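Here's a quick briefing for anyone meeting this structure for the first time. Take a look at it, then read on for a short tour by topic.

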Amino acid sequence: MRALRSLMDRIAPAFEHDGPLAFLYPFYEATDTFLFTPGKVTRSASHVRDGIDLKRMMFFVIIALIPSIIMALYNTGYQAQVAIAQGAVPLDDWQTALYLGLGLNFDPSSVWLTSFHGALYFVPVLIVTYAAGMGVEGVFARIRGHDIAEGFLVTGMLIPLAFGVVFAKEIFGGVGMNFLNPALVTRAFLFFAYPAEISGEAPWIAANFQGVDTFTGATLLAQSADTPGVLEGADWMAAFLGRIPGSMGETSALACLAGGAFLIVTRIGSWRTIAGVVLGSWAMVALLNWAGSDTNPLFAMPFHWHIVLGGWAFGAVFMATDPVSSAFTATGKWVYGVGIGLLAILIRVINPAYPEGMMLAILFMNMFAPLIDHFVVRANVRRREARYAA
């Protein structure tokens, strides 16, 4: 580490002030402060000494995402392996030889081989989108004369596209100034711009053979919205573990639960927000189960199925707990979380066009988070004024 520190110090003059690479200073600063604790201190009050800064906090979130990333690799490869093994995607002789030569023998039970197969699709997407997003961050940092924001480390992992960085964060002033979750803004843009490609009716299964890039089929959630009794023969444990078709990283409720536990233990994510989402979802499910419907099968879906399908678990753990766009006060976090839970299930069940609701529910509550905090703070002020009225 000393050698690396020495290297960074030696090349620093080239990036600072009038150095030949001064226009690349934001990228140098981002790398330096990611590797080492910044040597800068504030020049005015107040001073808080702590062992964690924003970069380390975001790095903790990435650690929490590791279980979901592992499941993204495995399940993407698993779905492709199953499709190939069942003959859903035909293979030419030379393609079969090449595939087997890589050691991928169409055996879905091989965890390592299926994960490697999934990595062939996940890693290129991650590289391209991180490069695009960081490029946008660098341009804005250079123009505005500030450092590259650490929040991109997480935004780039959650849903890494430059659109969210620009239109959900930078135009409002950068990290800490945005009132909407950048990752969800990107997802909303993709949904409304390309509804057929991103809808729950047709998730793709990766399989690059004989001119067939992918094939599609309805998710279990989409089937449940159209066909009564689908869940009666479904495997709940498979859905909980994440071995079902769906978006990379969000199919496994178990992986999201592990990440959520890490965020709560490290106090990066708010347990109040997550608990509020659970409580609100349970209340809305109970109400809809009681009301019933002769035409909408989702009215009868039990709570334990709602939490393992679609993006409910991923949204509750990683999206709803965003420290910038969520409520800040303790009471406000409860209200914010309950609101997300209520709306997520309501939109999922009632909306006839798209059998999901977590994305829109979180974005809607993002807009009300400042208002929620305002009323909580005012209530506290009135309570204190009454207490010390004498």
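**A first look around**

Ser 115 is found in helix 5 (residues 111-144), where helices are DSSP runs of H or I with at least four residues, numbered from the N terminus. What you're looking at is a predicted model, so local features need pLDDT of at least 70 and side-chain atom pairs count only at pLDDT 80 or more, while totals for chains, interfaces and linings use all residues. Residues are numbered from 1 along each chain as its sequence is written, and side-chain values use heavy atoms, with hydrogens and water left out.

**Around Ser 115**

- Ser 115 is buried, as its relative accessible area is 14%; buried means under 20%, exposed means over 50%, and partly exposed is in between, using a 1.4 Å probe and protein chains only.
- Ser 115 and Ala 72 are 43 residues apart along the chain, and their C-alpha atoms are separated by 8.3 Å.

**Helix 12, with its two sides**

- Helix 12 covers residues 253-265, which makes 13 residues, and reaches 18 Å from first C-alpha to last, close to the 18 Å expected at 1.5 Å a residue (the expected span is 1.5 Å times one less than the number of residues).
- Its buried residues are Ala 253, Ala 255, Cys 256, Gly 259, Gly 260 and Leu 263.
- Seen down the axis of helix 12, these buried residues fall within an arc of 155 degrees, so they line one face of the helix; the arc is that of the directions from the helix axis to the C-beta atoms.
- Leu 257 and Val 265 are exposed on the other side of helix 12.
- Just after helix 12 comes Arg 267, with a positive phi of about 65 degrees.

**Aromatic pairs**

- Searching the whole structure turns up seven aromatic pairs; rings of Phe, Tyr and Trp (its six-membered ring) pair if their centres lie within 6.5 Å, and planes under 30 degrees apart count as stacked, over 60 as edge-to-face and the rest as tilted.
- One of these is edge-to-face: the rings of Phe 60 and Phe 262 have centres 5.9 Å apart and planes at 85 degrees.
- That pair links distant parts of the chain, with Phe 60 in helix 3 (residues 54-85) and Phe 262 in helix 12, 202 residues apart.
- Phe 60 is partly exposed at 28% relative accessibility, and Phe 262 is partly exposed too, at 27%.
- Tyr 74 and Tyr 78 make a stacked pair, because their ring centres are 5.7 Å apart and their planes lie at 25 degrees.
- Tyr 74 and Tyr 78 are four residues apart in helix 3, so about one helical turn separates them, and both Tyr 74 and Tyr 78 are buried.

- Met 8, Ala 12 and Phe 15 are buried in helix 1, and the helix is followed by His 17, which has a positive phi near 50 degrees.
- Helix 15 (residues 312-319) has eight of its eight residues buried, so it's largely enclosed by the rest of the structure.
- The buried residues of helix 15 include Trp 312, Phe 314 and Phe 318.
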